[in-house]
Amino acid sequence: MKLDLDFSVLTRGDYPQWIGHGVVTTLELTALAWLLAAVLGTVLALMRMTDSRLCKAAVAAYVEYHQNVPMLVQIFLWYFGIPSLLPESVQAWANAVGGEFMFAVIAVGLCMAAYLSEDLRGGLRAIPRSQYEASRALGLSYLKAARLVILPQAARIALPTMVNHTVLIFKNTSLAMAIGVAELTYVTREIESQSFRTIEVYLLSTMVYLAISLLIMAGGAALEHRYRIRTR
Amino acid sequence: MSDIFSILADHGLLLLIGQYPNGPVGGLVLTFVLSVLGIALAFPLAVAIALARMSPFAWLRWPATTLVYLVRGVPLLMFIFWVYFFLPVLTGQAVSGFTTMLITLVIYQAAYLAEVVRAGIEGLSSGQTEAARAVGLSYGQTMRKVILPQALYNMVPAMLSQFVSTIKETSLGYVIGVNELTFAASQVSSTLLTKPFQVYAILAATYFVLCFALTQLARELERRIARRRAGVTPSRRPVRSATPVLTDTPSRP
């Protein structure tokens, strides 16, 4: 096989703008889905820590559904399925404002909320109850005990898996191409089918994906290092 | 609800086995075949990668570590396209979507599974290796007869979760037109045109039943293994359990 690479193709015409747009869309999807997942994940984790049986069962069902159905199927269900249940005026509005981006954020965000809530729950469960009792005995209020004693420790324990899942959110935004969101993978395919410079364009976007993933991992490692518990 | 039953009555067989026997096997059966073959072929590769990752030789460690980071950092979809475009170039002949998907899954799963195996090996106390070497076993014998049997036994639940991940990942075969369950469902949906919610709800429910059952099985096995380890070694220093390992390589959607 003779390799005959010509990366200059990628600088021609609209390709640089396309790639830029793809990268930005991927990052936007990641940021918004992460935000949704983090907020909802925290709420779910707290709901699961309550004493209400109903709350616990509802969260458990939510988590099981989102962890046991492929994300692509969840995206399809949101993009193709849910609008068909809504009134036509809402459907028309969703199409007009670019529903695919919105539904991709919702699907990825809701799915990953299940994973992040499990990470947080794992962190919270790892803190012995005596920690809470001891801080109350020292005179801290419930909120202070949570804020100063429990959460800092739980967050440290949950951090590594949360970073891993953040990388997963980033990687999984590529699935949005299946419903036509012009993110990096979609743009890569478009440029490939126009320019036929398969290796060049796939190499470029693979490197972009890898670089951003490694950056997220490195950021996570830096956070872990910064907030590690110093022991002698 | 009646919609769902009529869809199942009309298209259930297509979702289950594809066009078979009048055409190639597809649907749920193909999804299952892809996942089983994928994980089975990935397993030996994963053990090799895990051992290479822990090898004292840099020339073994580096390629394995690179592969693991590549897989962890690049979307599966990108890997599918790489195999899709370059396997035919490398082999000089047309490659079916099934083969493309299978090869991608094997590479991708092998890297993730290697991390599971590595965590399993590292979870054993180093006394195991030391004792085995002290009684005169070679490295190969130590691994084959002492370390791997214990590590792999402890890893069974984590490997089952990997299998669940594989089942979910086969759905991406849709993108390159492999006639697995998701692709079959999208075909049904475009034939019916007006019932996307019902079709995709059936699709989600099917995956859910399959994956949830396996997840529950993994949890039950994990409990049993934990109990057994706790029972067999009551006085010894507690061995690190298999659970932190699971959190090391998180389950994937």
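Predicted model: local features only at pLDDT ≥ 70, side-chain atom pairs only at ≥ 80, totals over all residues.

Colleague: How are α5(A) and α7(A) oriented to each other?

Modeller: The axes of α5 (residues 99–125) and α7 (residues 142–172) of chain A come within 8 Å. They cross at roughly 165 degrees, and angles over 145 count as roughly antiparallel. That is why α5(A) and α7(A) are roughly antiparallel.

Colleague: Which residues of α7(A) does α5(A) meet, and how many nonpolar residues are in the contact?

Modeller: On the α5(A) side you have, among others, Val108(A), Met112(A), Tyr115(A) and Leu116(A). By class, the contact of α5(A) with α7(A) has 5 polar, 1 charged and 12 nonpolar residues.

Colleague: Over to chain B: what does its secondary structure come to?

Modeller: Reading from the N terminus, the elements of chain B run α-α-α-α-α-α-α-α-α-α. The tally for chain B is 0 strands and 10 helices.

Colleague: What share of the contacts in chain B with a separation of 6 or more is between residues 24 or more positions apart?

Modeller: For scale, the C-alpha atoms of chain B fill a box of roughly 70 × 45 × 30 Å along the principal axes, and 43% of the 253 residues count as buried. Among the contacts with a separation of 6 or more, the share from residues 24 or more positions apart is 71%.

Colleague: At what angle do the axes of α5(B) and α7(B) cross?

Modeller: α5(B) passes α7(B) in a right-handed crossing. The residues making the contact include Leu105(B), Tyr112(B) and Val117(B) of α5(B), and Ile147(B), Ala151(B) and Met155(B) of α7(B). By class, there are 12 nonpolar, 6 polar and 1 charged residues in the contact of α5(B) with α7(B). The axes come within 9 Å and cross at roughly 150 degrees.

Colleague: Is Ala50(B) buried or exposed?

Modeller: Ala50(B) is found in helix α2 (residues 27–53) of chain B. Beyond four places in sequence, Ala50(B) is in contact with Ala114(B), Val117(B), Arg118(B) and Ile121(B). Val117(B), for its part, touches Ala46(B), Val47(B), Ala50(B), Ala151(B) and Met155(B). Ala50(B) has 26 C-beta neighbours inside 10 Å, so Ala50(B) counts as buried.

Colleague: Which element gives the largest share of the side of chain B that touches chain A?

Modeller: In total, 35 residues of chain B are in contact with 38 residues of chain A. The elements giving two or more residues to that side of chain B are α3 (58–73), α4 (76–91), α8 (181–192) and α9 (196–232). By class, this side of chain B has 25 nonpolar, 7 polar and 3 charged residues. The largest share, 11 residues, comes from α9(B).

Colleague: How many buried residues does α4(A) have?

Modeller: α4 (residues 88–96) of chain A is followed by Gly98(A), whose phi is positive, near 80 degrees. The helix itself is hardly covered: among its 9 residues, the count of buried ones is 0.

Colleague: Is Phe196(A) buried or exposed?

Modeller: Phe196(A) lies in the loop between α8 (184–195) and α9 (198–226) of chain A. Phe196(A) is not a glycine, yet has a positive phi of about 60 degrees. With 10 other C-beta atoms within 10 Å, Phe196(A) is exposed.

Colleague: And Leu193(B), buried or exposed?

Modeller: Leu193(B) is found in the loop between α8 and α9 of chain B. Phi of Leu193(B) is positive, near 70 degrees. There are 7 other C-beta atoms within 10 Å, so Leu193(B) is exposed.

Colleague: Last one: which residues does a cis peptide bond join?

Modeller: Look in the loop between α1 (2–17) and α2 of chain B, where Pro21(B) is found. Omega is about 5 degrees for the cis peptide bond, which joins Tyr20(B) and Pro21(B).

How values were computed: Residues numbered from 1 in each chain as written. Chains lettered and ligands numbered in written order. Contact = placed C-beta atoms within 7 Å. Axes fitted to C-alpha atoms, helices over the stretch in contact; angles between N-to-C directions. Helix = DSSP H or I, 4+ residues; strand = E, 2+ residues; numbered from the N terminus. Parallel < 35°, antiparallel > 145°, perpendicular 65-115°, else oblique. Nonpolar A, V, L, I, M, F, W, Y, C, P; charged D, E, K, R; others polar. Buried ≥ 20, exposed ≤ 12 C-beta atoms within 10 Å, placed from the backbone. Left-handed = near helix turned anticlockwise from the far one by under 90°.
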